[in-house]
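Open the model in your viewer and keep the selection tool at hand. The tour goes from stop to stop, and each stop says what to select and what is there.

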Amino acid sequence: MKLSVSYCGVLIRSSSVGVEEFSQSGLKMAAQKFAAVVVALWTVTASVVFCIAALTGFNGNLTNPGNSVTLVCQSDDPSVVVQFFRKGVDLASDKTGKYSIGNINENVNKTLTVHKVGEQDLGEYLCQTAATPKPVSVTLYSKPVVSPISTPSNLIEGETLELTCVAWGLPTPRCTWLKEGRVLSASDPGVSFSDMKTPLNASVANARLTVVGMKRSDQTDYTCSAAGDTGPTNVTAYVRVKDRLAAVWPAIGIVIVIILTIVIIIFAERRRRQNEAKLHPQ
C-alpha cells in the first residue's frame with residue numbers, strides 16, 4: 001500500500017519501491033530528508049497523512065520564535081485514536097500547556113499544536129495509531145534565529161574586540177563574520193574564531209569573533225551570518241573605536257579649566273589692587 005506524506009501542498013508519494021514524486025523545488029531538501037524516513041515505514045496497514053499547517057511553516061519557514069505550529073495526522077479510519085510522541089513521551093499527558101491535541105472534523109486526537117516554538121521544540125515528532133505498528137515521524141526544522149549582537153561601549157584603540165553571535169536552529173547553524181560586507185578569515189591579522197554552545201548544548205561553529213589590536217580604521221559594521229541548510233539569517237552591529245587618548249582628554253580638559261580659572265583669579269586680583277592703589281595713593 002502507498003503512504004502519502006504532505007506539507008501544505010507539497011506531496012511525497014511513496015511505495016515499497018521508493019519515492020515516486022515530489023514537488024516545489026524550494027522545499028526539495030525537506031522532501032528528500034522526509035522521504036528517507038518514509039521509505040523505512042512501508043509496513044503500514046492504513047494510509048497516514050502528515051501536514052504542517054501554514055502558521056509558521058516547516059523546514060526553514062520558522063522565522064519568528066514564539067509562533068505556533070500544528071501537525072496533522074490522519075488515518076483512513078476515523079475511529080482510530082492517534083497518539084503523538086516526543087522523545088518517547090506521549091504528549092497527551094503534557095500538563096505544561098506547550099502542546100494541544102485537537103480534532104479534524106468529527107475525528108478525535110488528529111492534530112498536535114506546538115505553542116511558542118523555541119529551540120527546544122525542534123526535532124522529531126511521532127504519530128502512531130493501532131493500525132500502524134511503527135510510528136510515522138516528521139521533523140520540525142527552523143531557519144537560524146539570531147539575537148542582536150552586543151557591542152562594547154568603550155573600546156579603545158589597541159584593545160581586543162570580542163563579538164558573540166547567539167544563534168540557534170535546526171540544522172544547527174554555522175556562523176560567518178563579515179566586516180563592511182567582506183568575509184573575515186582566520187588568516188586576517190589579529191582575527192580568530194571560536195565555537196559556542198546553545199542552551200541545548202548544540203555547538204555553533206565560529207559563533208565568537210575575536211580581533212586583537214583594534215585600530216581606528218576598524219570602526220565599522222560587523223555582520224554575523226548564521227546559515228544552515230535552510231538559508232542564512234544576518235545580524236549587523238556597528239563597532240566604535242576610540243582614540244588612545246580618549247580617556248586622557250577629559251582629564252586634560254579639567255586641568256585646562258583649572259589653569260584658566262587660576263589665571264582669571266590672579267588677573268582679577270591684580271586689577272583690584274591696581275584700582276585700590278589709584279583710589280588711595282600713598
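Start with the largest pocket: select Lys179, Arg182, Leu184, Asp188, Pro189, Val191, Val211, Val212, Gly213, Lys215, Asp218 and Tyr222, which line it. This is a predicted model, in which local features need pLDDT of at least 70 and side-chain atom pairs count only at pLDDT 80 or more, while totals for chains, interfaces and linings use all residues. Residues are numbered from 1 along each chain as its sequence is written, and side-chain values use heavy atoms, with hydrogens and water left out.

A pocket here is an open set of points on a 1 Å grid over the protein atoms alone, where a 1.4 Å probe fits, with protein on both sides within 12 Å along at least five of seven lines; a lining residue has an atom within 4 Å of a point. The largest pocket holds about 180 Å³ of space, a volume being the space filled by probe spheres set on the points, which are joined across faces, edges and corners. What kinds of residue make up the lining of the largest pocket? Six are nonpolar, one is polar and five are charged. Ala, Val, Leu, Ile, Met, Phe, Trp, Tyr, Cys and Pro count as nonpolar, Asp, Glu, Lys and Arg as charged, and the others, Gly among them, as polar.

Next, select Thr223, which lies in strand β19 (residues 220-228); strands are DSSP runs of E with at least two residues, numbered from the N terminus. Is Thr223 buried or exposed? Thr223 is buried, with a relative accessible area of 14%; buried means under 20%, exposed over 50% and partly exposed in between, with a 1.4 Å probe and protein chains only.

Now show what surrounds Thr223. Leaving aside neighbours within four places in sequence, Thr223 is in contact (heavy atoms within 4.5 Å) with Thr176, Trp177, Leu178, Asn234, Val235 and Thr236. The side chains of Thr223 and Thr236 are joined by a polar contact of 2.7 Å, meaning a pair of N or O atoms within 3.5 Å; within protein, one must be able to donate a hydrogen and the other to accept it, and residues adjacent in sequence count only if both atoms are side-chain atoms.

Move to Pro171, in the loop between β14 (167-170) and β15 (174-179). A cis peptide bond, with omega about 0°, joins Leu170 and Pro171.

Finish with Lys116, in the loop between β9 (107-114) and β10 (123-128). Lys116 is not a glycine, yet its phi is positive, about 50°. Lys116 counts as exposed, at 63% relative accessibility.

Note on methods: Helix = DSSP H or I, 4+ residues; strand = E, 2+ residues; numbered from the N terminus.
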